[in-house]
Amino acid sequence: MAEYNHKTIEHKWQNYWAQHKVFKAEVTPDKPKYYVLDMFPYPSGSGLHVGHPLGYIASDIVSRYKRNKGFNVLHPMGFDAFGLPAEQYAIQTGQHPAITTEQNLKRYKDQLKGIGLSYDWEKEVQTCDPKYYKWTQWIFSKLFDSWYNKDTDKAEPIDSLITAFAKNGNQKINAACDDDTPSFDAAHWNSLSEIDQAELLLKYRLTYPADALVNWCPELGTVLANDEVKDGFSERGGFPVERKKMRQWMMRITAYADRLVENLGKLNWSESMKDMQTNWIGKSYGCELDFKVVNKDITLTCFTTRPDTTFGVSYMVLAPEHELIPELTTNAQKEEVDAYVQKAINRSERERQAEVKTVSGVFTGSYVTNPFTNEQVPLWIADYVLAGYGTGVVMAVPSSDDRDFRFATHFSLPVNRVIEGTENLEDPTEIKHGKMINSGFITGMDSKDAAMAATEHAEKEGFGKAKINYRLRDAVFSRQRYWGEPVPIYFAEDGIPHLIPENELPLELPPVDEYLPTASGEPPLGRATNWLYKGKYPYELTTMPGWAGSSWYFLRYMDADNDNELVSPEAAAYWNSVDLYIGGTEHATGHLLYSRFWNMFLYDRGIISHEEPFQKLVNQGMIQGRSNTVYKLKNENTFVSVGLKDQYDTIELYADVNMVHNDKLDIEAFKDWRSEYADAKFILEEGELKCGYLVEKMSKSKYNTVTPDAMIEKYGADTLRMYEMFLGPIELSKPWNTHGIDGVAKFLRKLWGLFVDADGNLLVVDEKAKAEEYKILHKTIQKVEHDIENLSFNTSVSEFMICVNGLTQLKCHKKEILEKLLVVLSPFAPHISEELWQKLGNTGSIIHATYPEFNEAYIREDEYEFPIMVNGKMRTKIKFALDKTPAEIQAATLENEVVKKWLDGKAPKKVIVVPKKIVNIVI
């Protein structure tokens, strides 16, 4: 057959798609829509490796399939282009981050286009483009000018709150606000100065400045989110991170905590992902209790979900960040407390929560009084208590809580047992609920009734109140860096933050001489010369966090060129929420929560018409690296094959996987790779230098990074697309292994051979297909359609191979079979499908073809071949029509010559006929 030239064909069709804008998506009200989205990538300098396209290929298959199914598909791509790597490079080299980012973007886009992904590139957005971040700043402005009304359960304009204050004060206002918000009437509000009113309103605004405990990385010169810190070091660069209080902009995401949990039930997400979000939000019902400090005019308030266990309190614990620690520490304990606090606060909250086995703490020297028993208990500090959850104060009940029990055991503190059945247990926390004992007026009650009674008693006596608490905290929205969206705020003489008018947006990044903080510690924007609003008022010098631009990009894709609106009402109503969102699980508690928060807010304010951004979410697994190792003799420049290494004293080294094929080293390429190996000797095994292998994360240092470019150059984009799907279920992680890629390449060549002969002549004929050919085709249509709808792409690839093998054996060149097969195959292998579609005489792109309809009649079986078992062993097979009765099958079986031979004239004791399964004869 004429050679299948993937390079020529793929280049041809990628150009065709671009020139003819084949994938352009427009609002078309009379056509059903389908919105497919990939998680926003950050364009790193190293570009894509073969693990990155896994989700992109999967979403592309669905997009192409849905187009063939008659849907108007929006399948866009853009870039989360603000980021620390470009800024760090700018600090090191002086090159503006925009230049680095633009270079990285070009490489990323070239790679994505080379894979044949059906993106509508006219919808592309980049978060660092002022035309885009104008609208990020606009959303910030809307948040600043909004408050959350708990009675209507939505965000409302701040003007409505100001009107309410002027008429009635805040005593009837049920709002999400700061805990220390005072109560006031209308007269008091109206008597306040404009500055005082503005200060008070900040306690209600959905974005506001506050002193917050943050993860500060001096080396990076910025604040990091919790998910950017690992074991006390920055995830990027591995620099030390310390906890400190700084003035930050905050987002009042806690106002949406209930809706963020409740709406999960409406979404087609995995239960594990829903659990991750639910646990991160951490809603809990309980009681706030006041414990007075002995001999001091200080009261500590703690939140507990178990007020029924308060009679078991044997000590109290403070978070290391608690602001009253200096006042609560005695002189005798000061040195020890200071040392412990300094060490503890520099560990991230995530690390402190995850570490459950190590026990640490320090006694303050103070005591508090249990309001239920009037007993004095010691006051400790421990890093398992978090400042941001509840009040940063915990009442410790070692008999009912695992961590409290480990702590009490370690420091020899009392364990007061308050649940029946725990009296004689070595570990009383094995029983956490039951009948109360040793608990005063609640003794004899069950835990649930006792909790209610204890709360009522605390409220009646004035030392407690019922409370709902959340683990979720308001989100830090400031970064002390240059390369990010400027915050559209300036400060007038009054020191109050003021919004830049909407018609003056965007506020663009100014030029600076260096990308480092100023000598006085201000963020890099402090280096800008004369950067003042109206030439006189200072701007906010922090920039927005990395998650700002990625929290709404899915909306901008709907109407990317609209200069007048974030998105038009028509586009928002038509495209609505994303139908399929594919990305990694690493964004479970960051991007997905923030995106849902902003989407709900914009819905509340009437900007969009859908409350949730992503209806169906699929988390693709990771393609892990498959590293190759070679074995060098110690003190010799000689390498030995892996099967012989145990015979020598060797050291294991990495070899670049791009010079290894099926675990066999290309020795000449290896010698050229490094000058020190140019004269190396090799001890071979069966004439080859065979390598070892390891499955681990792809990394440059392990030389196991394989780019899609290399695979496409050698095998073609269609082969890469199908092979990545063939590796296994999309949601599972799997190692990259090219051992099977040749099989996919051969499959495509075999497909080509059904259409074209060795001389390049078209083999396809207009003849009526046979029943067996219809059967093979429609089995494939049924299987692939089911697989795509269920995202089971790996089994589709196997089905295509079975189909093409079957048609090849039948020497099928019938147009009515092959044309439909191309449409079914085209989402997986679009380039070869387009080329062969054109060879069949079709014009335009196969993307506009109608997906073949499955006809069950073609695969219905008329007969079944029964295995015939005699005394448990199969002796023959006999075909029977499916409409034969068991009695007819039994009679015909006993007349079969082979069966008669094995019966040897004996009458069978029993004959069992299992329809469409088996005939079993017992003699």
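Tutor: A residue is buried if its relative accessible area is under 20%, exposed if over 50% and partly exposed in between (1.4 Å probe, protein chains only). The model is predicted, so local features need pLDDT of at least 70 and side-chain atom pairs pLDDT 80 or more, while totals for chains, interfaces and linings use all residues. Residues are numbered from 1 along each chain as its sequence is written, and side-chain values use heavy atoms, without hydrogens or water.

Student: How many aromatic pairs does the count come to?

Tutor: Rings of Phe, Tyr and Trp (its six-membered ring) pair if their centres lie within 6.5 Å; planes under 30 degrees apart are stacked, over 60 edge-to-face, the rest tilted. By this rule the number of aromatic pairs is 61.

Student: What is the angle between the planes of Phe40 and Tyr557?

Tutor: Their ring centres are 6.5 Å apart and the pair is edge-to-face. Phe40 and Tyr557 are both buried. The angle between their planes is 90 degrees.

Student: Which kind of pair do Tyr490 and Tyr533 form?

Tutor: Tyr490 is buried because its relative accessibility is 13%, and Tyr533 is buried because its relative accessible area is 7%. With 4.2 Å between centres and 20 degrees between planes, Tyr490 and Tyr533 form a pair that is stacked.

Student: Which residue lies over the face of Trp280?

Tutor: A charge sits over a ring if NZ of Lys or CZ of Arg is within 6 Å of the ring centre and within 35 degrees of the ring normal. Lys645 has its charged end over the ring of Tyr631, 5.3 Å from the centre. Over Trp280, at 4.3 Å from the ring centre, lies Arg471.
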